[in-house]
Number of protein chains: 2
Amino acid sequence: MTLTRIAFDADDTLWENEALYRNTEQRYKNLLEKYVSIGDLDSELFKTEISNLEYFGYGIKSFTLSMIETAGRLTDGCISANDLLEIIQFSKDMLDAPVELLPGVKEVVAQLSQDYELMIITKGDLLDQKRKLARSGLETYFNSVEVLIDKTKEIYAAMFETHDIDPTQFLMVGNSLRSDILPVVALGARAVYIPSVLTWAHEHDVAHLTDNGDYYELESISHLPELIQRIR
Amino acid sequence: MTLTRIAFDADDTLWENEALYRNTEQRYKNLLEKYVSIGDLDSELFKTEISNLEYFGYGIKSFTLSMIETAGRLTDGCISANDLLEIIQFSKDMLDAPVELLPGVKEVVAQLSQDYELMIITKGDLLDQKRKLARSGLETYFNSVEVLIDKTKEIYAAMFETHDIDPTQFLMVGNSLRSDILPVVALGARAVYIPSVLTWAHEHDVAHLTDNGDYYELESISHLPELIQRIR
C-alpha cells in the first residue's frame, strides 16, 4: 500500500537524550563517591529504575526518584540530606537543558512534511516531551504528537485505532528495536531502525532481528528520504 | 446546538483524589514534626509545588519531589536520609491506593454512555491517570481519554481541533472552575460545575463567576442526567 504517514520516535531519534542521562549519571557518581564504591552504581541504579517502572513510568522525574532511592539504599541512609537534594537539582538541570537536534533531522523532517503526514510517537513524561518539542523548532512539521505510557504492540494497536491508521500505509522511524520497530512490524506496518550511539540498557536486550526481518536499518536519518522514495 | 459529547474531569469528579493528597500530607507532617514546627508546613509545601510546576507539572511524582525538596529546605538539610526515603514510599502508597468512585458516578456514566460520546479530560501524570482509569472499572464507557499538560483555554482549543469537536455540541463536567469550567465556557462550550468537598488550593483562587454566568452548578453528579435532559 502507498505510504501516507510517517511517525518518528523523539528521544535519540530526533534529538539527543541519552547523553543527558549519562551526563547526569556522572554527576551522580561524583556526588556519591565519598559514600560508596562507584563500581556497582550503574547496575544498582538500573535495578531501581526497572523495579520502579510500574510505579513511576519513564522520564526524568522517575529517574530522579530512582536516583534518590538508590542513593539512600546504597549508603544505608548515611547520605546527607543536602546531597540528596542536590539530586533534585540534577533533574531541574536536565529539564532546563537545550534540545539538541541530531544531524540531518531538521532538513529531513522539513522535506518529508511536504508529502506525508508526520507524527511523533514517544513515551516518557508528557510535560517534558511537549516542552522539548516546543523547544526543538520542529513543532510545525508534525500533524500530531502521541505520548504513550509504553510502546507495546497492544498500545500501538490502540493508537492506530484512535487515529484511524492503516498499518500498511504507516512507517515508524526510531532508535529502539524493542520500542519503535518490533511492535510496529508485528502489526503489519513498516519500520526504519536508526541505531543511536547511546541507547539505554532497557532498550537493548531484545534479539536484533524480527521474525521476518521486515524492517530497514539506516546509519543516519539523512538517508531516510532516499529509502522512502524507494519503498513508498 | 444539540449536545453530542460530554467530557468529564477525573480527579475529584469521577473518583476521590484530593483526600489521598491530604492523607499523605498528614503522614508527611508526622514524619517532619520532630524537625520543624508543623504550622508552616502546608504553606511551605504549597510554595514549593507552585514554583516547581513549570519543571515537574502535576501529579504524584511532582508532589513527591516537592515534598522532598521542602523537607530538606525546612530542616536546613538536617533531616535524615531515611526520613527522606520514607517520602518516596508515600508516593508508592499513593500510586497503589484503590480508586474510590464518587457516589452516583458509575450509574450516571453508564446511563449517559448510551446516548452520548463520553470523554475523560484530565491533567497530571499520564501513567497514573491511565492506571486509575483502568482500575476504576469505567474504561468501557469512555470513547477517549485526554491527559493534558494543563487545562488552559489554548490547550482546550487545540484539543477541540484535534478531536474535531464543535464547542456548541460539547459539555464539560468538573470540580474546578479554573481548570474545567471557565476555559471551556470561554470557548463557547457548556459546562457543569460540581464542587467537591476537598479541592486543591491551586484550583481555588479564581472568581466564582464567569463573565456571562454561563455554566451550571450541581451539588452531585447524580443530578447530571436530569440537567442534560433539560439543556440538550
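Start by selecting F8(A) together with I120(A): the two are bridge partners, with I120(A) sitting in strand 2 of chain A. You are looking at a predicted model, in which local features need pLDDT of at least 70 and side-chain atom pairs count only at pLDDT 80 or more, while totals for chains, interfaces and linings use all residues. Residues are numbered from 1 along each chain as its sequence is written, chains are lettered from A and ligands numbered from 1 in the order in which they are written, and side-chain values use heavy atoms, with hydrogens and water left out.

**The sheet of chain A**

Select residues 5-8 and 117-123 of chain A to see strands 1 and 2, which run parallel and are joined by four bridges. Strands here are DSSP runs (E, at least two residues) and helices are runs of H or I with at least four, both numbered from the N terminus. Two strands pair if DSSP finds at least two bridges between them.

Move on to T122(A), whose bridge partner in strand 3 of chain A is V147(A). Strands 2 and 3 of chain A also run parallel, with five bridges between them. Zoom out, and you have an open sheet of six strands in chain A, in the order 3-2-1-4-5-6, with parallel pairing. Its edge strands are strand 3 (144-148) and strand 6 (216-217), each of which pairs on one side only.

Is strand 2 of chain A mostly covered or mostly open? It is mostly covered, as six of its seven residues are buried. Buried means under 20% relative accessible area, exposed over 50% and partly exposed in between, using a 1.4 Å probe and protein chains only.

**A charge over a ring**

Next, select K123(A) and Y58(A): the charged end of the lysine sits over the tyrosine ring, 4.0 Å from its centre. This label needs NZ of Lys or CZ of Arg within 6 Å of the ring centre and within 35 degrees of the ring normal. In chain B, K123(B) lies over the face of Y58(B), at 4.1 Å from the ring centre.

**Aromatic rings**

There are 12 aromatic pairs over all chains. Show Y156(A) and F160(A), a tilted pair at 6.5 Å centre to centre with 55° between the planes. Rings of Phe, Tyr and Trp (its six-membered ring) pair if their centres lie within 6.5 Å; planes under 30 degrees apart are stacked, over 60 edge-to-face, and the rest tilted. Both residues belong to helix 7 (residues 153-162) of chain A, four residues apart, about one turn of the helix. Y156(A) is buried, at 0% relative accessible area, and F160(A) is buried too, at 5%.

**Cysteines and the two copies**

Select C78(A) and C78(B). The structure holds zero disulfides over all chains, a disulfide being a pair of cysteine sulfur atoms within 2.5 Å. The sulfur of C78(B) is 15 Å from the closest cysteine sulfur, in C78(A), which is too far for a bond. C78(A) is exposed, with a relative accessible area of 57%, and C78(B) counts as exposed at 57%.

Finally, show both chains. Chain B can be laid on chain A with an RMSD of 0.0 Å by a turn of 180° and a shift of 0.0 Å along the axis. The two copies are thus related as by a two-fold rotation axis. Superposition is by least squares on C-alpha atoms of residues with pLDDT of at least 70 in both copies. To find the axis, select A81(B), the residue of chain B whose C-alpha comes closest to it, at 2.8 Å.
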